[in-house]
Amino acid sequence: MPNKIPVGIVGATGTVGQRFIQLLEGHPWFEVSWLAASDRSAGKSYAEAATWRLATPIPQRVADTQVRSAAPDKDTPRLIFAALDATAAKEIEPLFAEAGCAVVSNSSAFRMAPDVPLVIPEVNGDHTELIKTQSWYKKNGGFMVTNPNCSAIGLVMALAPLHRRFRVEKVFVATMQAVSGAGYPGVPSLDIVGNVIPYIANEEQKMEAESCKLLGTISDGTVAPADLKLSAHCNRVAVEDGHTESVSMKLGKVAHAEEIIATWEEFRCFAQKLNLPTAPEQPVIYERAADRPQPRLDRDRGRGMSAVVGRLRPCNIFDWKFTVLSHNTIRGAAGAAILNGELLKAQGYLD
Ligand code: NAP
């Protein structure tokens, strides 16, 4: 694309904001042109404002860019990636949609709003139709799209192809979630080293509600959630990046192990067919080794955008059980939002 689409990042200095900057460097369609964070950071250069925590250096152009206050101004680009905590997002994100921006949000603030699409392109890319029901869109073309909670996304990527073919009826899931999921500086080291914390505020409710919305169907501008019973147990563990989940599921139709594995391995959608730049070649990878997936070894598969599944075996309570792993700040946050931005471009919502 000769003229790249300028994009802004709100919450640019945080854990997810930094991933946006890393993943957008050299992006074939998008170019970061505008950065914002809290008033603590506004007015500073990005290098001064951010405590950079990634293994690649801050791109020089970004390092020198001045961080702005989190409000639309005359330079704000049309496409905004937002990585704000939910309280700030509730107030700030609508200001951008109101100003005519396409807001692609990571926070939970509006995910369950009936007119806001909650989207994983491989699963429910058609839910972006909800955009047309938003009052901002009708007024001036502004709108909001969200990506799911970082633990819901891995689970739903594994369930979606099975739900289409065998109808998933019940799910029990226990998560082992990385510390980076709590932002920076996150959980104090003395609380997490050598420990497991069996509580993440509101996480279980988010996983249960968001999974049903993601697997739901859209008609006449309304999403009907999937009729699926889901019970989630969420735990924080001393892993840097990558959420691992142990899942048991009951299916509406009889399925054999090789059919389930083939359904995962063959799963593709138009994100792959259209070659969206951030779409992984294979959204769900089945790993046959008995002791995989593991966060350290498997979280970067598909450039951090694939869900890695393994250990499919019969369940004594439901039908089948398995393990799924996904990268929480890439597939679970910044990468998911960038892929949603690419989907919106491909669907013509950024024109
Ligand atoms: P974080 O590291 O705490 O970063 C928060 C960002 O928001 C910082 O840039 C901060 O700016 C900015 N901010 C805070 N209060 C603000 C305010 N009042 N006005 C404007 N900017 C403000 O959090 P994170 O982990 O990146 O998470 C960001 C969002 O993504 C959250 O909603 C989180 O739930 C969601 N999420 C996170 C993950 C993950 O794995 N970490 C995964 C999925 C979704 P300053 O630096 O100036 O304070």
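At 79% relative accessibility, Asp 220 counts as exposed (exposed means over 50% relative accessible area, buried under 20%, partly exposed in between, with a 1.4 Å probe and protein chains only). This is a predicted model, in which local features need pLDDT of at least 70 and side-chain atom pairs count only at pLDDT 80 or more, while totals for chains, interfaces and linings use all residues. Residues are numbered from 1 along each chain as its sequence is written, and side-chain values use heavy atoms, with hydrogens and water left out.

**Loops and backbone**

- Asp 220 sits in the loop between strand E9 (217–219) and strand E10 (222–224); helices (H or I, at least four residues) and strands (E, at least two) are DSSP runs, numbered from the N terminus.
- The phi angle of Asp 220 is near 50 degrees, a positive value in a residue other than glycine.
- Arg 167, in the loop between helix H7 (150–166) and E7, also has a positive phi, near 55 degrees.
- With a relative accessibility of 41%, Arg 167 is partly exposed.

**Nonpolar cores**

- The largest nonpolar core has 46 residues, of which Phe 20, Leu 24, Phe 30, Tyr 46 and Phe 81 touch the most other members; such a core is a set of buried Ala, Val, Leu, Ile, Met, Phe, Trp, Tyr and Cys residues joined through side-chain atoms within 4.5 Å.
- Helix H13 (residues 330–346) gives the largest share of this core, eight residues.
- This core lies between domain 1 (5–149 + 334–346) and domain 2 (150–327), because both give residues to it; the domain bounds come from an automatic or database domain assignment.
- Apart from this core lies another, of 43 residues, including Met 157 and Ile 260.

**Ligand**

- The ligand is surrounded by 28 residues, and the closest are Thr 13, Ser 38, Arg 40, Ser 41 and Leu 84; a residue is near a molecule if one of its heavy atoms lies within 4 Å of it.
- A polar side-chain atom of Thr 13 is 2.6 Å from an oxygen atom of the ligand.
- A polar backbone atom of Val 16 is 2.8 Å from a ligand oxygen atom.
- The ligand alone exposes 920 Å², and the protein buries 80% of that; accessible areas come from the Shrake-Rupley method with a 1.4 Å probe, and for residues only the protein chains shown count as cover.

Notes. A polar contact is a pair of N or O atoms within 3.5 Å; within protein, one must be able to donate a hydrogen and the other to accept it, and residues adjacent in sequence count only if both atoms are side-chain atoms.
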